[in-house]
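Please open the structure in your viewer and keep a selection panel at hand. The tour moves from one selection to the next.

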Amino acid sequence: MKKDVTIAGAGLVGSLLSIYLARRGYTVNIFERRPDMRKEAISAGRSINLALSDRGLLALEKVGLADAIRTISIPMHGRFIHNVDGSTAFQPYGKQGQYINSVSRGTLNARLMDLAEKQGVKIHFNSKLESIDWDSMTTYYGMPDDQMQSITSSLFFGADGAFSAARLEHQLKHDKFNYQQYYIDCGYKELTIPPAEGGGFAMEKNALHIWPRKDYMLIALPNIDHTFTCTLFFPFDGEKSFAKLDTTEKVDQFFKENFADVIPLMPELNEEFFRNPTSSLVTVKCYPWIRGDRFSLIGDAAHAIVPFFGQGMNCGFEDCRILDELIDQYNEDWSQILENFQQIRKPDADAIADLAIGNFTEMRERTADPQFLLQKKIEAYLHEKYPDEWIPAYSQVTFSPHIRYSEALRRGLQQEAIMAELMTMPYVDTIYHTSEIEHWILSKLKDRH
Ligand SMILES: Cc1cc2nc3c(=O)[nH]c(=O)nc-3n(C[C@H](O)[C@H](O)[C@H](O)COP(=O)(O)OP(=O)(O)OC[C@H]3O[C@@H](n4cnc5c(N)ncnc54)[C@H](O)[C@@H]3O)c2cc1C
């Protein structure tokens, strides 16, 4: 007998998970705290648009959605750097033809919900998970007007995001539950660049724009309506911080000094700056994710990460794909499926959490550094010449779904150490492609395997 499944959260991951399960013949109910975003104008959640890369696409491909989502995405082939002196530079993300995709969170979530319902999934909106009775596997949901509803099911997933109620219930009633939560000292605020006069994009559309300024940065991703959603990642407190930018004059002055080329593109800078929220960024690591054959956390509820590798959703989508493969492998034996799911995914989720923190420094600080650019050039050369031996860390994470995140972290650290040594060599810019140096690099790689 197939288990009947309940999922808390119809966000990106809960909706995709429901599709995977419904396709296998499971009866699936989702309970979602918010109203139906397809009928009411509500914010889709944490950011307006997202970078979708190969891991996420592979998971969508398995349910036949990748092509449809590609048509509503904008390819971003690399980073478009805006320096403080007004100069710009383009840094490709990978080889020719490799790119990430800018996609609207709301549209993607709505498409996933549509497909879930088509597969027979029932989504209950305005239903906020409040508590779980672990003995009977009954979950309770608060509804408008103080109403409650409950459901009993044999398998329950907590896909209710970074501040998961399912995780809290699990934690409170679990012996030896490990939990770690870490807020970075920067928050973020979203701003908009509208279309240019005439209706086109105001900047290069096929790129992720970055204004790296060491302790902070502004980024911009294109939308299909020809706008860009910009995100300012900026300290909460200190000399240059959200706390200090408390008048329109100070905001104007700060942008003039640091992002002068953006000012003419953002006619509503001040209105948006004071209207839009300043939000925080958290990493959550916890363990265990599961209870026997009847419960698991998944997506951000299990592993929230900061957005600097553009992988949170991609990682959550990969969770769904791996879980689906395990259902085949363990022939619907859910105690085996869930145990193996957490054994495989926990180290990978921890690895991408650490990689994402590290990429903040790379994006805000190193993308403007000539040494870093030289290092990237050398890495691209090595990757071209030795595609299996040397894969830049960014490419492993973003374009190589067959490489686990934990493996990408391990190999990335190894390559970084080799690069650090190489970059101290005199005249490295002229000798890096000599056979002597290449031989040295390859032997270092072998040493560390
Ligand atoms: C600024 C920013 C930028 C990002 N950019 C990227 C990116 O470029 N690429 C990328 O891959 N990832 C990105 N991410 C990460 C990505 O947003 C998350 O990893 C992704 O949304 C996780 O999906 P989820 O379904 O697990 O959680 P969520 O998307 O948070 O969905 C959780 C759902 O559960 C519902 N819910 C919450 N509590 C309850 C409750 N008690 N009962 C019932 N329902 C509940 C919520 O309403 C929501 O619908 C970014 C994150 C941020 C903050």
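Which helices and strands each supply at least two residues of the shell around the ligand? In this predicted model, they are H1, strand S3 (49-52), strand S9 (128-133), helix H8 (300-303) and H9. Select the ligand with the 33 residues around it, and look for Gly9, Gly11, Gly161, Gly299 and Gly312, which come nearest. Colouring the shell by residue class divides it into 14 nonpolar, twelve polar and seven charged residues, and H9 contributes the largest share of this shell, four residues.

Next, select helix H1 (residues 12-23) together with helix H9 (residues 312-329), whose axes come within 9 Å and cross at roughly 20°. Because angles under 35 degrees count as roughly parallel, H1 and H9 are therefore roughly parallel to each other, and their crossing is right-handed. Show the side chains at this contact, where Leu12, Val13, Leu16, Leu17 and Tyr20 in H1 meet Met313, Gly316, Phe317, Asp319, Cys320 and Asp324 in H9; the residues of the contact divide into eight nonpolar, one polar and two charged.

Finally, zoom out and colour the chain by domain: domain 1 (4-79 + 101-182 + 283-359), domain 2 (185-275) and domain 3 (369-448). The C-alpha centres of domain 1 and domain 2 lie 30 Å apart, and 13 residues of domain 1 are in contact with twelve residues of domain 2. On the domain 1 side of this contact, S3, strand S4 (74-76), strand S5 (78-82) and strand S7 (100-104) each supply at least two residues, with S4 giving the most, three residues.

Definitions and conventions. Residues are numbered from 1 along each chain as its sequence is written. This is a predicted model: local features need pLDDT of at least 70, side-chain atom pairs count only at pLDDT 80 or more; totals for chains, interfaces and linings use all residues. Axes are lines fitted to C-alpha atoms, for helices over the stretch in contact, and angles run from 0 to 180 degrees between N-to-C directions. Angles under 35 degrees count as roughly parallel, over 145 as roughly antiparallel, 65 to 115 as roughly perpendicular and the rest as oblique. A crossing is left-handed if the near helix is turned anticlockwise from the far one by less than a right angle, and right-handed if clockwise. Two residues are in contact if their C-beta atoms, placed from the backbone, lie within 7 Å. Ala, Val, Leu, Ile, Met, Phe, Trp, Tyr, Cys and Pro count as nonpolar, Asp, Glu, Lys and Arg as charged, and the others, Gly among them, as polar. A residue is near a molecule or strand if its C-beta atom, placed from the backbone, lies within 6 Å of it. Domain bounds come from an automatic or database domain assignment.
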